[in-house]
Structures are given as structure tokens and as C-alpha cells.
Amino acid sequence: MAFEQTHATQRDPVILTVPGLGNSGPAHWQTRWEETLPDCRRVELGLWDDPHRNTWVNKINLAIERAERPVVLVAHSLGCHAVAWWAEYERLSGAANLAKVVGALLVAPPDVEEAPIDRRLTRFAPVPESELPFRSVLVASRDDPYMPFGQARALARTWGASFADAGAAGHINARSGLGEWTFGRLLLNRLLPRPLSLDEGPAR
């Protein structure tokens with residue numbers, strides 16, 4: 001049965017997507033989700049090809065602050081590290097926005113410390129070592145060129161996140177040819193108080 005658009009309730013969180021280096025194009029699953037899921041929108045980080053950690057963190061904070069309801073973050077690649085740094089800054093400052101985040105789906109975080117493929121990734125080093133103060137799922141691919149599978153599993157432990165094996169899916173991006181990425185939608189539903197239909201739904 002197709003997803004039926006309904007009025008959001010107070011318990012329905014806003015879904016904020018946080019892309020990584022280079023942004024997410026039209027064939028990326030994040031873009032597909034924004035087009036089909038209710039109350040799903042992108043955090044416009046800016047500086048997509050020349051990322052600046054504090055700028056990205058501030059943009060995430062502003063988007064959460066402006067959200068009218070609780071938030072679930074859906075980050076990809078370098079966006080995962082931006083989310084982790086946002087949580088670290090919020091934790092240290094005791095800011096109220098931290099309480100608005102009820103969960104995070106962290107997909108294919110890259111290595112930013114040991115052997116990063118792109119030197120721009122090192123701008124987000126070191127990796128915050130505090131556990132995330134909200135429910136989170138870290139998803140990794142067995143053949144991701146940006147992060148060895150075992151290293152991704154260790155990062156999930158560091159951040160206190162559940163770990164999900166996406167199989168051999170590359171960097172879990174547009175090149176992976178995932179379409180709506182049903183597996184990711186199943187994982188997202190773990191973080192939502194009211195699961196969404198897996199059928200494609202209408203744009204908002």
C-alpha cells in the first residue's frame with residue numbers, strides 16, 4: 001500500500017539529511033528520501049567541496065534549532081563526522097539543542113585519521129571519542145574504499161552506536177546504485193517512533 005500523507009504529530013520527528021563531501025546528487029538515496037519521505041529535508045552545509053568543520057557544525061546546529069519538532073539525523077560519509085563533532089560541542093557547552101535529537105543514522109563514515117583517501121577529510125580529525133548521547137546506528141559497507149570494515153565497526157563502538165552490515169555496497173552513495181535503499185529505510189525505522197511505509201510515497 002502506498003504511503004498516505006498525513007498531518008505530522010508531535011511525536012513525528014523531522015528527518016534532517018546531512019550529506020558529505022561534494023553534496024548528494026539526484027541519484028543519491030538521501031536525495032530520494034528527501035523527495036519521498038514526509039518532513040525530510042537537507043541541512044545546507046555549504047562549502048561542499050571545501051569543507052570547514054566548524055561551519056558544518058554550526059549549520060547542523062542552526063537546522064536543529066529551527067526544527068519545529070524532535071529531529072532524527074541521517075548523515076552520509078563526512079556528514080557523520082560533522083554530526084559527531086556537533087554532538088561533542090553541544091555536550092561540552094550544555095546546549096539545549098542536544099535534547100531535540102532522538103536518533104541518528106550514520107552511513108559510511110570515512111577514515112579521517114589513519115589513511116584518508118582525500119586530504120580534505122583530515123579537517124575533521126581527530127575523531128570525537130565520546131559516545132553519542134542519542135540512539136544511533138552506524139552502517140558500513142564491506143568494500144567501502146573510504147573506510148575498512150573493521151575500522152568502521154570499531155568506530156561504532158567508540159560512538160556507542162549499533163552496527164549494521166550493508167554488505168558489499170561501495171561507499172553507499174549514488175555510484176552504489178541503491179535507488180531508495182530499502183535496507184537504509186529499515187534502519188531508519190528503528191529510530192522513528194512510528195515506522196514509515198517502505199513503499200515510495202509522495203513528495204511533501
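Nineteen is the number to start with: the largest pocket has 19 lining residues, and L21, H76, Y146, H171 and N173 are the ones nearest its centre. This is a predicted model, so local features need pLDDT of at least 70 and side-chain atom pairs count only at pLDDT 80 or more, while totals for chains, interfaces and linings use all residues. Residues are numbered from 1 along each chain as its sequence is written, and side-chain values use heavy atoms, with hydrogens and water left out.

**Pocket and cavity**
- The largest pocket holds about 390 Å³ of space, and its lining splits into six nonpolar, eleven polar and two charged residues.
- On a 1 Å grid over the protein atoms alone, a pocket is an open set of points with protein on both sides within 12 Å along at least five of seven lines, a cavity is a set where a 1.4 Å probe fits but cannot get out, and lining residues have an atom within 4 Å of a point.
- There's one cavity of 30 Å³ or more, with a volume of about 40 Å³ for the largest cavity (the space filled by probe spheres set on points joined across faces, edges and corners).
- A84, A87, E88, P128, S130, E131, L132, P133 and W159 line the largest cavity, and helix α3 (residues 78-93) gives the most, three residues.
- By class, that cavity lining has six nonpolar, one polar and two charged residues (Ala, Val, Leu, Ile, Met, Phe, Trp, Tyr, Cys and Pro are nonpolar, Asp, Glu, Lys and Arg charged, the others, Gly among them, polar).

**Helices**
- Helices here are DSSP runs (H or I, at least four residues), strands likewise (E, at least two), numbered from the N terminus.
- The axes of α2 (residues 53-66) and α3 come within 9 Å and cross at roughly 75° (lines fitted to C-alpha atoms over the stretch in contact, angles from 0 to 180 degrees between N-to-C directions).
- That makes α2 roughly perpendicular to α3 (65 to 115 degrees).
- In α5 (residues 182-191), G184, R185, L187, L188, N189 and L191 are buried (under 20% relative accessible area, 1.4 Å probe, protein chains only).

- The A125 to P126 peptide bond is cis, with omega near -5°; P126 sits in the loop between β4 and β5.
- W181, in the loop between β6 and α5, has a positive phi near 55°, and W181 is buried at 6% relative accessible area.

Note on methods:
Parallel < 35°, antiparallel > 145°, perpendicular 65-115°, else oblique. Buried < 20%, exposed > 50% of the residue type's maximum accessible area, 1.4 Å probe, protein only.
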